[in-house]
Amino acid sequence: MFLTTLPSTKTPISPKTLTIPLNFFFTHSSSDHLDQISIDNTPYWTKTIHHLCTRHRNVDQALHLLDHLCLRGYRPVPLNLTSIVHALCDSHRFDEAHHRFAHSIHSDYVPDQRTCNVIIARLLDSQTPHTTLNVLRLLSHLKPDFVASLVNYNRLMDQFCSLRRPSEAHTVLFDMMSRGHCPNAVSYTTLINGYCGIGELSHAHKVFDEMCERGVAPNSMTYSVLISGGLRKWDIRGAVEMMGKLWEAMKGEDDTLVKNAAFSNLIESMCREGYFQEVFGIAEDRPQGESVNDEFTYGQMIDSLCKAGRYHGASRIVYIMRRRGFIPRVTSYNCIVHGLSKEGEGGVMRAYQLLEEGIEFGYLLSEYTYKVLVEGLCQESDIDKARQVLQYMLRKERVDKTMLYNIYLRALCLANNTTELLNVLVSMLQTECQPDVITLNIVVNGFCKMGRVEEALKVLDDMMTGKSCAPNVVTFTTIINGLLNVGRTQEALYILQDVMPQKGFHPNVVTYNAVLRGLFKLDQGKQAMEIFNGMVTEGVAADSTTYTIIIDGLCESDQLEEAKRFWDDVIWPSQIHDNFVYAAIIKGICHSGNFDEACHFLYKLVDSGVSPNIFSYNIVIDTACKLGLKKEAYEVVREMKRNGLSPDSVTWRILD
């Protein structure tokens with residue numbers, strides 16, 4: 001171990017030469033030539049250890065070398081310890097870094113004060129304040145003249161407060177003062193914030209009073225933190241009083257970063273606690289004056305309101321900004337438009353309005369926000385506005401136009417507008433934007449969902465005859481699903497069994513799942529099982545979705561015994577089953593009115609090492625309640641708890 005055999009300073013050390021292979025530090029190869037390097041060549045060993053830690057990122061080799069050297073009389077220098085600690089922390093081996101530093105202290109090897117503070121600062125990156133504090137106390141005990149830096153003390157206090165342990169942070173403050181440090185505004189503000197964070201507003205004010213008594217002037221952040229605590233505890237009068245002091249403190253503050261942080265914390269707190277009208281009042285009245293940059297204040301208000309889900313309120317801030325000649329940041333503006341687009345009719349129309357207004361100052365949607373907006377407009381059946389959004393996006397430079405059209409086409413499917421689907425395809429060809437297979441798959445899917453299978457088949461025919469891009473498995477799967485949805489079973493099976501193989505396509509498990517689901521919905525269970533057998537013969541592996549569809553289909557067609565045989569003979573031996581499969585078969589058993597058998601199956605799963613989720617238990621509990629077996633239902637709840645699951649709101653609603 002590091003420094004376990006340091007020679008006593010009273011023992012004379014004679015110069016020695018240590019024989020070590022140079023590439024020992026990298027490969028441990030014993031076949032390389034040996035170089036004679038003096039143990040007293042401290043610069044060489046320091047450089048080697050440092051390079052192992054930084055350039056080669058091999059802290060284990062560095063530790064091995066250092067321990068090897070110490071066994072032969074080498075006395076480490078501060079840079080050795082610093083290199084090792086930094087490398088361990090870079091590797092996220094913080095516990096070992098703490099241990100190494102503590103061990104060096106126990107071994108009576110303590111670097112100078114500056115190096116110790118550098119190491120403590122690095123150890124604080126671990127975010128484990130208790131461990132770091134123990135090392136700090138050990139260092140102070142064995143080296144009484146050592147005093148940690150004020151920055152390190154403040155960071156340590158902040159970490160305790162982050163863990164909601166401000167009383168321990170307070171202890172660190174007392175320790176700091178006992179060692180001659182004078183806490184600054186950061187120290188007290190950190191502690192005040194800690195007490196406010198756990199709702200101890202009275203303790204926070206006591207610390208504030210102590211701060212003033214000791215002659216430490218509160219800064220803007222101090223007042224902002226106290227206001228946050230007051231708002232959290234609904235101390236409106238105290239918050240308003242502190243707010244007046246905050247504006248005064250800001251006007252006399254020189255540090256822009258502190259003022260910005262104080263303002264951000266204030267607005268964030270007000271939005272978090274629901275004081276939105278007060279935020280609008282600050283936006284209109286500007287009580288901070290010129291203390292904080294106006295663009296920064298408005299940007300912070302927009303961001304905080306958006307975090308609180310108040311997108312209409314954020315758009316009001318944009319209106320105030322524009323009235324005063326300011327332009328919002330693109331990211332903030334995009335956040336508002338995105339949020340409004342997901343709020344239904346009122347929101348999506350306001351989002352479209354903001355888009356048109358934003359174009360005046362060069363704003364254009366991000367691709368993801370464009371998707372959300374056109375989908376919202378199509379859901380409201382406002383195709384004209386959705387089409388206009390597409391045209392705005394097509395004007396952007398260096399955009400994937402095909403992708404933009406694909407997003408628009410997918411949104412049109414929500415509006416059930418077949419005419420516009422065809423118009424978009426024509427528009428793409430007229431603008432020399434060639435539709436790709438994704439484009440045509442979207443169109444085919446849209447036609448199928450609208451029940452317009454003939455149009456979908458025409459698109460497929462064009463794809464297969466070379467008039468457009470070639471189809472893929474997704475195209476055929478979509479067509480088959482569409483045909484089955486309208487009851488055209490023979491055509492669907494013809495495409496599956498004849499057309500796809502002729503065109504060189506092999507149906508995958510998703511294709512077969514679509515066929516099985518469609519056949520069971522059409523009460524053609526026998527045909528479905530034949531398709532499943534053919535799927536197995538073709539070497540296509542079934543997945544949990546396949547088995548869920550089959551179990552559901554068999555149970556719905558009153559073939560419970562067949563479903564149980566399928567479970568015993570196929571599903572369980574395959575080891576491919578999940579909670580959906582369990583729920584399907586339990587639901588089938590329960591629908592037959594056999595509560596005891598459902599319980600037996602559920603408990604047998606548990607005994608076999610399977611952990612069904614709460615949905616399976618809720619199905620059994622619901623059946624018990626419908627059969628008037630309340631006592632048995634609560635027994636299932638107790639069994640569920642024994643298996644590590646807690647009842648959810650659905651469970652209690654069933655039992656109520």
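Tutor: Here is a walk through one region, with a few other places for comparison of topics.

This is a predicted model, in which local features need pLDDT of at least 70, side-chain atom pairs count only at pLDDT 80 or more, and totals for chains, interfaces and linings use all residues. Residues are numbered from 1 along each chain as its sequence is written, and side-chain values use heavy atoms, with hydrogens and water left out.

Start with helix 18, residues 344-359. Helices here are DSSP runs (H or I, at least four residues), numbered from the N terminus. Helix 18 has 16 residues. From first C-alpha to last, helix 18 reaches 22 Å, close to the 22 Å expected at 1.5 Å a residue. The expected span is 1.5 Å times one less than the number of residues.

Which residues of helix 18 are buried? They are Gly347, Val348, Arg350, Ala351, Tyr352, Leu354, Leu355 and Gly358. Buried means under 20% relative accessible area, exposed means over 50%, and partly exposed is in between (1.4 Å probe, protein chains only). The cover over these residues of helix 18 includes helix 16 (311-323), helix 17 (330-341), helix 19 and helix 20.

Now take two of those covering helices. Helix 19 (residues 367-379) and helix 20 (residues 383-394) pack at an angle of about 160°, with their axes 8 Å apart. That angle makes helix 19 roughly antiparallel to helix 20. Angles under 35 degrees count as roughly parallel, over 145 as roughly antiparallel, 65 to 115 as roughly perpendicular, and the rest as oblique. Axes are lines fitted to C-alpha atoms, for helices over the stretch in contact, and angles run from 0 to 180 degrees between N-to-C directions. Helix 19 passes helix 20 in a left-handed crossing. A crossing is left-handed if the near helix is turned anticlockwise from the far one by less than a right angle, and right-handed if clockwise.

Look at the side chains next. Helix 19 brings Glu367, Tyr370, Leu373, Val374, Leu377 and Cys378. These meet Ile383, Lys385, Ala386, Val389, Leu390 and Met393 in helix 20. By class, the contact of helix 19 with helix 20 has 10 nonpolar, no polar and 2 charged residues. Contact means heavy atoms within 4.5 Å. Ala, Val, Leu, Ile, Met, Phe, Trp, Tyr, Cys and Pro count as nonpolar; Asp, Glu, Lys and Arg as charged; the others, Gly among them, as polar.

Follow the chain past helix 20. Arg398 is in the loop between helix 20 and helix 21 (401-415). Arg398 has a positive phi of about 55° although it is not a glycine. Most residues other than glycine have a negative phi. At 80% relative accessibility, Arg398 counts as exposed.

Arg164 also has a positive phi, of about 60°, and is not a glycine. The loop that holds Arg164 runs between helix 7 (150-162) and helix 8 (166-178). Arg164 is exposed, with a relative accessible area of 54%.

Go back to helix 16, one of the helices covering helix 18. Ile320 lies in helix 16. Ile320 is buried, with a relative accessible area of 0%. Leaving aside neighbours within four places in sequence, Ile320 is in contact with Ala283, Glu284 and Tyr298. Ile320 and Ala283 are 37 residues apart in sequence and 7.5 Å apart in space, C-alpha to C-alpha.

Conventions. Helices (H or I, at least four residues) and strands (E, at least two) are DSSP runs, numbered from the N terminus.
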